[in-house]
Amino acid sequence: LEALRIFVAREGEWSPNAAGLSMNIGSIYQKQGRLDDALRMYKRALRVFRRGLGDGHRRVPYALSSVADCLRNKGQLERAMAKFEEARDICVRLSGEDNLGPEVVQVLQSIAKVMGAQGKYAEELAMLEKALGVTRRNLGSDEDIVADLLSNIGEAMVRLGMWEDALPYLEEGLGIVRRNHPER
């Protein structure tokens with residue numbers, strides 16, 4: 001926190017650089033399980049990004065997603081979902097519905113995780129399939145994120161009892177990982 005105090009003293013309370021440092025500190029706190037401290041840091045960064053850069057800047061949905069992820073980890077699923085949806089809406093406004101990058105796909109995956117945690121498995125599966133479609137259109141089919149999505153879709157199908165449907169997704173995901181990382 002001393003580094004953050006120095007940043008704020010040097011650059012001002014509303015410095016995007018200080019907000020970035022708050023995000024990094026929040027990430028460390030979250031990894032340590034200090035979720036209340038992490039949430040405080042993420043919210044601070046979000047306030048600064050919104051005030052200094054406006055909702056039209058890409059750092060705002062990134063900070064919203066961090067707040068949401070922390071809330072999800074705290075079990076506050078409804079609040080997490082609202083933040084993830086807000087992040088998604090900003091990203092769509094910035095990029096358009098069909099031109100979404102990897103950061104948006106991460107938000108869609110996170111929304112799906114919340115749906116799964118809420119027991120909404122069919123909705124989880126639909127969101128993951130949407131994320132997969134967007135990813136394949138924008139990045140192609142041989143990216144690691146595609147493998148992650150395929151694996152998550154397979155797991156969602158298993159939760160729905162769709163065992164036979166899940167297998168091709170899991171196998172395709174594994175094939176991508178093997179091609180991209182033969183050393184594993």
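A word on the ground rules: residues are numbered from 1 along each chain as its sequence is written, and side-chain values use heavy atoms, with hydrogens and water left out. Because the model is predicted, local features need pLDDT of at least 70 and side-chain atom pairs count only at pLDDT 80 or more, while totals for chains, interfaces and linings use all residues.

The expected span is 1.5 Å times one less than the number of residues, so the 19 residues of H3 should span 27 Å, and the end C-alpha atoms, 26 Å apart, agree with that. Just after H3, Gly54 takes a positive phi of about 85°.

Now to the salt bridges, each being a side-chain nitrogen of Lys or Arg within 4 Å of a carboxyl oxygen of Asp or Glu; by this rule there are 10. Within H3, Asp37 pairs with Arg40, the closest N and O atoms being 3.2 Å apart, and these two residues lie three residues apart, about one turn of the helix. Arg34, Asp37 and Arg40 are linked in a network of salt bridges.

Which residue forms a salt bridge with Arg50? The partner is Glu86, with the closest N and O atoms 2.1 Å apart, and this pair links distant parts of the chain, Arg50 in helix H3 and Glu86 in helix H5 (residues 77-95), 36 residues apart.

Key
Helix = DSSP H or I, 4+ residues; strand = E, 2+ residues; numbered from the N terminus.
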